[in-house]
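This briefing covers the strands and helices of one model, grouped by topic. Please read it alongside the sequence and the structure.

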Amino acid sequence: MSIEERSRPELIGDCVHCGFCLPTCPTYVLWGEEMDSPRGRIQLMLQESQGEPLTATMAGHFDACLGCMACVTACPSGVRYDTLIEQTRVQVEEARHRGPAERALRGAVFALFPYPRRLRVAKVPLRAYQMLGLPLRRYLPATLATLTDLAPPARRAVPLPPLVRAVGPRRAVVGMLTGCVQDAFFPSVNAATVRVLAAEGCDVVVPPGQGCCGALSVHNGRHAEAVRFARSIVDTFTTAGVDALVVNAAGCGSSLKELGTLLADDPAYSARAADLASRVRDLSEILTELGPVAPRHPLPLTVAYHDACHLAHAQGVRTQPRTLLREIPDLQLREIPDGEICCGSAGVWNILNADPAAELADRKAHNVLATGAEVLVTANPGCLMQISAGVTRAGGKIRLAHTAQVLDASIRGIRLPR
């Protein structure tokens, strides 16, 4: 029987309350509160499934969950907390327990972040703010202040061509998801991703006008919105003639691999969604599957690799990025202490929960800086922004890069761009 066919009470019953999840849960680590641990939240789910009303207090414990899925990795009983929390969040969202201010904040967040064009428009005032360097932060509302702290330098982006041919013999035809935040704030990562794929023998198809994959909506219980975005992605890439859909953002990749589940009840999309989901690959996965053909030039760097939660825990992709980095001559890889603890980004969790997110970012920054590495490498735009803010608050210095940028620099024989 598949996970999708099992009832919610059956999934809840898998938890034996052993506590292996506790030291891996970011909110339990911060607060030591049982109801803000995975097993505590599962107990609340049980109470609700047995008829207890979904109170604001109960919903608050569910909202506090980052959805990092470290507990799924740690659980010896195979509890599918990922499925349970996503189902529960749909119920919480439908209950509308939040006050007017919180509803307004969430409405603004979800009216902006899943829309690449709107994000690009938002870069204009942000760029002006960053260029002027005025000490305006203290006068900004808390949410805007958090956003300005997190945002990287807003640089102009050069649009990617719809098709980039393979360098040398073609080994695969792949589609590339450009993403929302990745596209707006990290266009250099997308450009590096295309160059690396082409260098490794891939024709890269980049459909223009592609939209959000729906990851933020899925992770926040906005089911109807997530379905709408998912259908658009299926329409875009199932007609693109690609062997695989390559993703360079961990949260997007984890959701796209679950397209078949999300659209399972939609007769017009279920089969196509399941087929596309089976062909979704993280950049590190596709490169490892193909095997390297492009020469690697030396990069004399010490690198600390940060496991993005939705890559390591949700997708189980851990060894592939490390293998790719170790194949670069003269590059030394260092592990981060307590690396399994989330950095606090978690999609838009760091915007909706700014103070605890900053605590987690500061913990992560401390551990990253303790490695003595010159560069922090990860595979998710949210992690890059979150850890960068923590490093800045700590007064430390370390360069940050996406895995694609490091591989691109080695293949091209150039210094890693700053």
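Two strands are taken to pair if DSSP finds at least two bridges between them. Helices (H or I, at least four residues) and strands (E, at least two) are DSSP runs, numbered from the N terminus. This is a predicted model in which local features need pLDDT of at least 70 and side-chain atom pairs count only at pLDDT 80 or more, while totals for chains, interfaces and linings use all residues. Residues are numbered from 1 along each chain as its sequence is written, and side-chain values use heavy atoms, with hydrogens and water left out.

**Five-strand sheet**

- An open sheet of 5 strands runs in the order β1-β3-β2-β4-β5, and its pairing is mixed.
- β1 (163-164) and β5 (280-282) are the edge strands; each has a single partner strand, so one side of each lacks a neighbour in the sheet.
- Strand β4 (residues 244-247) runs parallel to β5, joined to it by 3 bridges.
- V246 lies opposite R281 in β5.

**Four-strand sheet**

- The order β7-β6-β8-β9 describes an open sheet of 4 strands with parallel pairing.
- At its edges are β7 (332-334) and β9 (399-402), each with a single partner strand, so one side of each is left without a neighbour in the sheet.
- From one strand to the next, the twist averages 35°.
- Strand β8 (residues 375-378) pairs with β9 in the parallel sense over 4 bridges, and the bridge partner of V377 in β9 is A401.

**Packing of α13 and α16**

- Helix α13 (residues 223-237) packs on helix α16 (residues 270-278) at an angle of about 70°, with the axes 10 Å apart. Axes are lines fitted to C-alpha atoms, for helices over the stretch in contact, and angles run from 0 to 180 degrees between N-to-C directions.
- α13 and α16 are therefore roughly perpendicular to each other (65 to 115 degrees).
- I233, V234, D235 and F237 in α13 meet R272, A273 and L276 in α16, where contact means heavy atoms within 4.5 Å.
- By class, this contact of α13 with α16 has 5 nonpolar, no polar and 2 charged residues. Ala, Val, Leu, Ile, Met, Phe, Trp, Tyr, Cys and Pro count as nonpolar, Asp, Glu, Lys and Arg as charged, and the others, Gly among them, as polar.

**Helix α3**

- The buried residues of α3 are P38, R39, G40, R41, I42, L44, M45 and E48 (buried means under 20% relative accessible area, 1.4 Å probe, protein chains only).
- These buried residues of α3 pack against α1 (8-13), α2 (26-31), α4 (56-63), α5 (70-74) and α6 (81-95).
- Just after α3, G51 has a positive phi of about 115°.

Note on methods: Parallel < 35°, antiparallel > 145°, perpendicular 65-115°, else oblique. Buried < 20%, exposed > 50% of the residue type's maximum accessible area, 1.4 Å probe, protein only.
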